[in-house]
Amino acid sequence: MAPSPAQASGPTAGHPSLTGGPPPGTAAGAARPGDLPPVHDTLVAVALPALTLSPRHGQLTGNGLEGVFAAGRRLLARCVLRVSGREPVTLQGRSTAADRAEFLGVLRTPGDTGPDPGLVVERSREADGTERITLRSSAARPLRLPVELALGTDLADLGAVAGGRPGPELSASVHGTGLRWTAPDGAAVAVSADPPPSEALAAAGLLRWDAELAPAGRFVLTVRIRPERTDRRQPAGAGRPGGHVVADAVAEGDDPRLGPLLRNSVADLRALLQRDAAHPADVHLAAGVPWRCGPVTAEALWAARMALPLGTRLAVTTLRALARTQLRGPGPDSGRIPGPLRDAGPLLPPRCTGIEATLAFPAVLAEAHRWGLPEQDLAELLPVAERCLDRLRACVDDGGFVPDPWPAGPSRAETQAHAHRAAVLGADLLDACGRPGGDAWREWAEALRARFRARFWLDDPAGGRPVLALLPDGRPLPHPGGWAAHLLDTGLTAAGRPAPGLLDKARTERLARLLAAPALDSGWGLRGLGEKEPGYNPFGHRSGAVRVHETAVAVAGLAAAGYEREATALLRGILDAAEAFGHRLPEMYAGERRTAGAVPTPHPAACRPAAVAAAAGVQLLTTVVGVRPDAPGRTVALQPLRSAPLGEVRLSGLLVAGEPFAARVGRLGLGMVEEAAPGLQLGG
């Protein structure tokens, strides 16, 4: 398998971390990034560690990534249905839930004289491979139809399958009411059927039935897949994480798209939950399916932060999983959370995900505290955050910036934004916990703001623009892109107030105009790189594609800074894109300019579902309502978009201070809390 324990920003960025993948360099048959097969038109059903990848016609033929997978191994590669020796004509294939795909087909039955098919074939396939097949007859006479399933598997690793090297199909044996396959390494899988087949042919991998249908009757067949052993690393009896990790939030309002978007976002987050193999009580989000379902990543932490309105437990368990990886003791790496390099596009060398996770840790812990993190969890994780802050101070170069990668990489604007947020929110956290150092970190952040405004801004007649990065020799790279949204992501402090940002008011206003300009706003969201910049590629994950979470960050940052017109334009674009994708946002899509009557172009290798894309749906809607809690201060502020661009909006089922929270924004832009924890006061 091809493996990166941390995320790449897109499936083609660096090595993909495949489901259940081992540490780097340990598996044969790894897929190079360029080898990844397209998945944009694949129906994905996921409830990790299980997932099913189906073509829209519903027949699993073993081609490409098709099949049923668990813990990174393909349990079933082929499942081809024939009725009376013919395959159904598939008319529709769609995802009906995060963990289920359904297919509708028809067949003309023997004796049909016209073009109208007399038999409907319905298939419902779940993430674990359980499939229910229903034949419905419209004939006025009884039917006796031979039904067969052709089954096969290679029990190959997903990495080998993705690389086009799955190995030969295995020989089957008759087992119970179905078939069984065993791999050379001892892994085995069994398929059973209800009702039992009338005939099982192991050599051909066939199960056969004689289906008898009364006039207007039906025949129902259920197939189940049971892995007997697929991966020794999976904790025995770990099971699926409970739904209580992510709250059942509901969106209602004038815009009918809001409900499906939030419902699918919550479902996708739940589908991506996976347990820490060594600590089954803890869960974290996989970065995305099908490529990045390995160990906990910085991207999982960002998604947990965006999903804080759904409760703090996901943030706690994600922080805890990352805390276990932190390097301790004396030495230059003390306090660092490790992470591999990831591709950063055509203009810069790869960046380090470990730096990103280290800087995110104190900020996410501080914001989780504002949303109602239990005190015992805060006490457990605070020392880790303090070590992250110590690491931040140790990583600063002679120019006062944080290079990425450390110690000799370029100083990236996005990394400085993460560092500034860690310092400001870290200071807030230290004060709240009665720990020393808060004032010192605020002074450090103030000095960083001054340095950043002097070195990371290029003046021009139009008002200037931020710099992507400073190279080690001090030269600036001035290319604008979606990365600039992170400069507006200041974080949440006491009384629900936004923290101070890296930019002053004039530069913030200029940045708002840049983000809203056609060079960056594709009409469907922010491009990763401006369309007029060298190296622009509408499908490049860091060089022109729309990365959903960056647009959500921009909407939230613009709204907090008071630039509602710009925020609303981006919000409408991404909601329109979500509708085109069935209200289930992929991690990215092409940054091609929007035209009348067009729909967004999918990226062929984008993960869907993806953690940060699903969490972006949550962040977008809470931004519209403007929920800003301060659970320790027993207040919650509502700062909705005053223009009410989506009309009336109501969110319920959120969690603030550990209790259900509901709020409504009316058509005049006025917010009202409808449900809250006892004693929680409305702030200003």
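Which residues form one aromatic cluster? I found that F401, F452 and F456 do. Before going on I noted that this is a predicted model, where local features need pLDDT of at least 70 and side-chain atom pairs count only at pLDDT 80 or more, while totals for chains, interfaces and linings use all residues. I also noted that residues are numbered from 1 along each chain as its sequence is written, and that side-chain values use heavy atoms, with hydrogens and water left out.

**Aromatic pairs**

I looked up the aromatic pairs and found 4 in the structure. Rings of Phe, Tyr and Trp (its six-membered ring) pair if their centres lie within 6.5 Å, and planes under 30 degrees apart count as stacked, over 60 as edge-to-face and the rest as tilted. One of the pairs is F401 with F456, which is edge-to-face, at 5.0 Å centre to centre and with 75 degrees between the planes. F401 lies in the loop between helix 6 (375–395) and strand 23 (411–412), and F456 in the loop between helix 8 (438–455) and strand 24 (457–458), so the pair ties together parts that are 55 residues apart in sequence. Here helices (H or I, at least four residues) and strands (E, at least two) are DSSP runs, numbered from the N terminus.

I then checked burial, where buried means under 20% relative accessible area, exposed over 50% and partly exposed in between (1.4 Å probe, protein chains only). F401 counts as buried because its relative accessibility is 3%, and F456 counts as buried because its value is 0%.

**Charges over rings**

I looked for charges over rings, which requires NZ of Lys or CZ of Arg within 6 Å of the ring centre and within 35 degrees of the ring normal. The charged end of R391 sits over the ring of W406, 4.6 Å from its centre, and that of R594 sits over the ring of W524, 3.9 Å from its centre.

**Helix 10**

How many residues of helix 10 are buried? I found 12 of the 14, so helix 10 is largely enclosed by the rest of the structure. The buried residues include V548, H549 and E550. After helix 10 comes G562, whose phi is positive, near 95 degrees.
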